[in-house]
Amino acid sequence: MQEIERKYLVADESWRAEVGRSMRIAQGYLCSRKLTARVRICDDRGILTFKGKSRDGGLSRFEFEREIPRRVAEHLLCRCDGVVDKVRHLVEVDGHTFEVDEFRGENEGLIVAEVELSSVTERVTLPSWIGDEVTGERCFYNSFLSKHPFKSWKKR
């Protein structure tokens, strides 16, 4: 399966009034060479995901995802070097779902929005609360944030 998405910084707080659903997510990375293996606990579900290298300037990549027992996910998460803690808010805008990730812990202060697309050429209407596009910028990948937390960055 191919994942195609764009990622943006969030410019202001007006998105909060449009949230349809939110979930707490803790995720860590098991390896990150040619294929990234991610373990995630999302509310009460365990999820194991494999992602390939980014293509098209960070816009698309291979993705394979399967649900696993929560206890297995907890066991694997304890073996990760770094864990990203965030709350994901789902916001519907003109037929697209924006996933707004509000980071916690060492990444607190960072809020990004992702939107999945059906093709690399698909256009999407951006709401007013969307800021700069950061698609393909490695420092905004969760795998990077797990090892280099946002609080340790120099001002962007």
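User: What sort of model is it, and which cut-offs apply to local features?
Analyst: It is a predicted model in which local features need pLDDT of at least 70 and side-chain atom pairs count only at pLDDT 80 or more, while totals for chains, interfaces and linings use all residues. Residues are numbered from 1 along each chain as its sequence is written, and side-chain values use heavy atoms, with hydrogens and water left out.

User: How many aromatic pairs does the structure hold?
Analyst: There are 3, where rings of Phe, Tyr and Trp (its six-membered ring) pair if their centres lie within 6.5 Å, and planes under 30 degrees apart count as stacked, over 60 as edge-to-face and the rest as tilted. One of them is Phe98 with Trp129, edge-to-face at 5.7 Å centre to centre and 75° between the planes.

User: Are Phe98 and Trp129 buried or exposed?
Analyst: Both Phe98 and Trp129 are buried, meaning under 20% relative accessible area, with exposed over 50% and partly exposed in between (1.4 Å probe, protein chains only).

User: Switching to Asp101, which side chain does it make a polar contact with?
Analyst: The side chain of Asp101 makes that contact with the side chain of Arg88, at 2.7 Å; a polar contact is a pair of N or O atoms within 3.5 Å, where within protein one must be able to donate a hydrogen and the other to accept it, and residues adjacent in sequence count only if both atoms are side-chain atoms.
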